[in-house]
Amino acid sequence: MSASATRAEPLLEVERVRKRFGGVVAVDDLSFAVERGAFVSIIGPNGAGKTSVFNLITGAYPLDAGDVRLAGRSLRGRGPSAISHAGIARTFQTLQVFGTMSARENVLVPLEARERGRTARARADELLALVGLDGDADRLASALSFGRQRLLELARALAAEPRLLLLDEPTSGLSRAETRAFVDVLARVRADGTTILMIEHDVRTVMAVSDRVIVMHRGSKLAEGAPAEVQRDPRVIVAYLGEPAAVPPPRGKLAPSGAPADLLVVQGLVARRGAVRALDGVDLSVREGEILAVVGPNGAGKSTLLGTLAGWFAPSAGRVVLAGRDVTGLPAERAVRAGIVLVPERRQMFDALSVARNLELGAYAHGGAAPAELERVFALFPRLRERRAQRAGTLSGGEQQMVAIARGLLARPRVLLLDEPSLGLAPQVVAEIFAALARVNADGTTVVVVEQNARAAFAVADRVALLERGRITAGGSAAALAADPAITAAYLG
Amino acid sequence: MLRTTRVLYALVVLAVIALPFTRNGYALATMVVIGQNALAALGLSLMIGTAGEVVLAQAAFFGLGAYAAAAASRHGIDPWLALVVAALVGTAVAAVVGWPTLRLRGHYLTLATLGLGVIAKVVFDEAGGLTGGPSGIGDFGALHLGAQALKGDLPAYVVAWTAVGLGALGLNALRASARGRALRAIAASETAAAAMGVRVRTRKLEAFVLSAVYAAVAGALYAYYAGYISPTSFTFEQSVFFVVMVVLGGAATTLGPVVGAALFTLVATALTALAGALFPANAQGAAAALQVVAFGAILVAVVRFMPQGIVGALLERFGARAERTLPDGEQPERAR
């Protein structure tokens, strides 16, 4: 092969790649290429097969058919370690830092796997400085904040000296400010000549950084082109962003006549997570029949609040009263019976069980679901009726979220708590979930929802409370708070 | 190295040096056994504490080393050289068995090593020509200094604890090295380690082999000290007991397995005495039963209340709380 031919061919070629898991085709006859020095992004609705593509490129999954070539050389049949040495490094959608090791040691691992010898430590410190973690070199990786762990994964991937860097949802879970910082670092990485292929949900980031965008849908390529082109492509808009009508209409529901009773009252609630005082005196009241949204930036204590109400964590001070009954510090299994039901973050399916069994387990505390109750949740989520016999672990993220909510409803909640129901879901699915939530509420269930995606939460909530650093700092009707600069300020810092 | 760690090391080293001067024969004999157990436990801690895999075949490698040394001596090989033979046999068997087995991880790997331990016991029982079968073999000489045979407790004590010292130094050096870091990375996230270019199976195989070599040498020392070996010393229970020593003392520290071996051996001795007093008719059977029950309970209690082990807990209590990972791996951190 002549030198000029080498220069002309793309760095990465994915050719007619196919992968199936049982009956599900995750990647279906997919082809694309990434040129040297390019920044290409893959977008697409949840379950489109994006992460599977990364797992196929990096050898984590074997190919069923097709080929992946790096600089003209086939990677077929090679394992993850060999492919890493061939020049492909990656980060992970769900963080995989080496938690028991310091930040510096995390970065040393790939350097030493390449026998960098004495220069390894200096190079590790250089990379930590590049991502802005020079002050954290000796800290344990698991002790770093979520945002810093993302940066650490980036530094670690760069230490593998990649020709091609794969980033899997690198800004998911980051605040706006952290995302901006991350994008700045990416610009520096790119200036060094690294080719980047990124999966990302945050369309704003994708449009800002990419040369080219590949849109995946149901395992294959739906469209490809410059960001602006793809953005205007009507097929893409429908597949990825959903019909405009899919967004639930503003509810315009007024508070019930007369003063609504407080169903759940929280006073001065304090809870610790490890060394952190995650809840620092939370005062909150939830009215009968409303949807209350608790919003706030990452690390504000939102999940700890719900977890403490549901009995997952013990409070160290404060009081929780449900319909006049003191339920402070009840363990989880008793909190459920008292009527406080949590739909946890990341859904927590019983993956190996069918949808029907998952739902039955929701009704465990009161001896099983009555047929009428099952009918009610199937009416709310018709898709679950179709998928009754399917293993929950094989459902898409949105469907799993529906199962999680339905399972929660079958526990007969006085108040239903939802932790980040939109997490990891494409906008269309988010709209679907929130529309379902509005129907659940219309059926008479009181709902408290914690959301990072404030816009989605505001659309359905009656009232909103802003949680910052373990305290409620603002609260009021959703309409009034939507315009409150305090909300934007909380997210943008 | 942390001050707490240094103090602990100094205490152990001083105790080991001082003990012979007490002229307490019983204590000395016990310490020989502790030393031999500690060496095998040190090796095992590399798999449990560094690579994050539980191996239930350490007694098999211990026995393998014992039989290899005995057989070599009987064939006229100098006992000191026979120690090397034991190490080589341990290496060869661990490499051959480990290469296919280490495709597995977690509980599956543990179960596979359990199978290995059981098979080894069957071989020790049945390969009568080499092992003497269930009745065992003796008469294979002893370590020597010049023409002087090293018989008795004091020489065995010096040899065993010298080996423990060297083994501990080696393990510390390994943990602080690039290989050690790669192993810890594998334990933290095998997926990420492989994606970063760590050759997972090779690194694990090295750790497995080294762990087996520690056990084989310990077994050979045991053979020369006891003068007679039989399969009853290399049972599945004994493999579990090595795991108890490591977990009890602290798998991620170097001192842990040594302290664990000491505590284990002392408790086991006390239980044997207790069994003898309570059930004089069947002291041996009663002792074995008591040990299984007691160490089962201890293992559960340690895992539940002190997962970092005794030494790990001491380090955590006295000053190792800093958010740092130390070269010799005594990180106190338990996330969440």
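1. **Ground rules.** Residues are numbered from 1 along each chain as its sequence is written, and chains are lettered from A, with ligands numbered from 1, in the order in which they are written. In this predicted model, local features need pLDDT of at least 70 and side-chain atom pairs count only at pLDDT 80 or more, while totals for chains, interfaces and linings use all residues.

2. **The sheet in chain A.** An open sheet of 6 strands runs in the order β16-β17-β18-β13-β19-β20. Its pairing is mixed. Strands are DSSP runs of E, at least two residues, and helices are runs of H or I, at least four residues, both numbered from the N terminus. Two strands pair if DSSP finds at least two bridges between them. The edges are β16 (340-343) and β20 (471-477) of chain A; each has a single partner strand, so one side of each is left without a neighbour in the sheet. Neighbouring strands are turned by 20° against each other on average, direction ignored. Axes here are lines fitted to C-alpha atoms, for helices over the stretch in contact, and angles run from 0 to 180 degrees between N-to-C directions.

3. **Strand pairs.** Strands β17 (residues 415-419) and β18 (residues 446-451) of chain A run parallel, joined by 5 bridges. A:Leu417 has A:Val448 in β18(A) as its bridge partner. β13(A) and β19(A) are also parallel, over 4 bridges. There, A:Val295 stands opposite A:Leu466. β19(A) and β20(A) run antiparallel, with 6 bridges. In that pair A:Ala465 faces A:Gly475. Their hairpin has 2 residues between the strands, and A:Arg469 takes a positive phi near 45°.

4. **Helix α11 on the sheet.** α11(A) packs on the sheet and touches β13 (291-295), β16, β17, β18 and β19 (463-468) of chain A. Its direction makes about 145° with that of β17(A). Buried means that 20 or more other C-beta atoms lie within 10 Å of the residue's own; exposed means 12 or fewer, partly exposed in between, with C-beta atoms placed from the backbone. For α11 (residues 302-309), 8 of the 8 residues are buried, so the helix is largely enclosed by the rest of the structure. These include A:Lys302. Just after α11(A), A:Gly311 has a positive phi of about 85°. In β19(A), 5 of the 6 residues are buried, so this strand too is largely enclosed by the rest of the structure.

5. **Contact between chains.** Contact means C-beta atoms, placed from the backbone, within 7 Å. By that rule, 23 residues of chain B meet 28 residues of chain A. On the chain B side, α8 (178-188) and α9 (190-195) each supply at least two residues. α8(B) gives the most, with 6 residues.

6. **Helix α10 of chain B.** α10 (residues 200-226) has 27 residues, of which 23 are buried.

7. **Cores.** A nonpolar core is a set of buried Ala, Val, Leu, Ile, Met, Phe, Trp, Tyr and Cys residues joined through C-beta atoms within 7 Å. The largest has 176 residues; A:Ala155 and B:Val217 are among the members that touch the most others. Its largest share, 18 residues, comes from α10(B). Another core, of 77 residues, lies apart and includes A:Phe313 and A:Leu418.

Technical notes:
Contact = placed C-beta atoms within 7 Å.
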